[in-house]
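Please look over the sequence and model first.

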Amino acid sequence: MSQRNPAQVLLDEHRLIEMFLDRMEEALSRLDADAAVLETVEQVLHFHGHFTEACHHQKEESALFPMLRRKGLSETARMLLDDHHSNHEQLLALEQMLPAARQRDPEALGFLLREGRMYIHLTREHIRQEDETLFVLAAEMLDEEESAQMEALLSDARWEPGAIHMPPT
């Protein structure tokens, strides 16, 4: 068994995703009073569409989930993949409401507030499940060679650090 968790890259990315969720939560708490926070919400949604989905989920789906299936955890992999699909649908719905919210449409603002909070909650819960269960299992189930292969696959597709810009609070 490896000393280092082979999913460490994903764990590190979860911390980054959580920082952006915090920013979104802060912005949503001021949505009624400050129209300018919509820019922060939009930036966070952009981050989640480009980093969380295109980079982070891609790593999980191409490296981690197949490993789960090989180790007899197909149902776990399917449930997490379903979470990714739901997350994507929520993200699209939030993005589609932005133009009306910019016009201060009360229904759009209410939708962003309600569904944005739900998106944050579900994403945090998904991260918690992976951090506390899935990544621990991966570390326990993989032998040294499998662990090294997993780590190499996950590290190979790192996001460019300069491509991430934290929106203002």
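H3 and H4 are roughly antiparallel to each other, a label given to angles over 145 degrees, while angles under 35 degrees count as roughly parallel, 65 to 115 as roughly perpendicular and the rest as oblique. Helix H3 spans residues 74-102 and helix H4 residues 106-141; their axes come within 10 Å and cross at roughly 155 degrees. Axes here are lines fitted to C-alpha atoms, for helices over the stretch in contact, and angles run from 0 to 180 degrees between N-to-C directions. The crossing of H3 and H4 is left-handed, meaning that the near helix is turned anticlockwise from the far one by less than a right angle; clockwise would be right-handed.

This is a predicted model: local features need pLDDT of at least 70, side-chain atom pairs count only at pLDDT 80 or more, and totals for chains, interfaces and linings use all residues. Residues are numbered from 1 along each chain as its sequence is written, and side-chain values use heavy atoms, with hydrogens and water left out.

Helix H2 covers residues 37-70 and packs with H4 at an angle of about 30 degrees, the axes lying 13 Å apart. H2 and H4 are therefore roughly parallel to each other. Their crossing is left-handed. Residues in contact (heavy atoms within 4.5 Å) include His48, His56 and Glu60 of H2, with Tyr119, His126 and Glu130 among those of H4.

The table gives the residue classes of both contacts. Ala, Val, Leu, Ile, Met, Phe, Trp, Tyr, Cys and Pro count as nonpolar, Asp, Glu, Lys and Arg as charged, and the others, Gly among them, as polar.

| H3 with H4 | 16 nonpolar, 8 polar, 3 charged residues |

**The loop**

Arginine 104 sits in the loop between H3 and H4. Its phi is positive, about 65 degrees, although it is not a glycine. Arginine 104 counts as partly exposed because its relative accessibility is 29%; buried means under 20% relative accessible area, exposed over 50%, and partly exposed in between (1.4 Å probe, protein chains only).

**The whole protein**

The protein has 5 helices and 0 strands. Helices are DSSP runs of H or I with at least four residues, strands runs of E with at least two, numbered from the N terminus. Of its 169 residues, 41% are buried. Among contacts between residues at least 6 apart in sequence, 81% join residues at least 24 apart.
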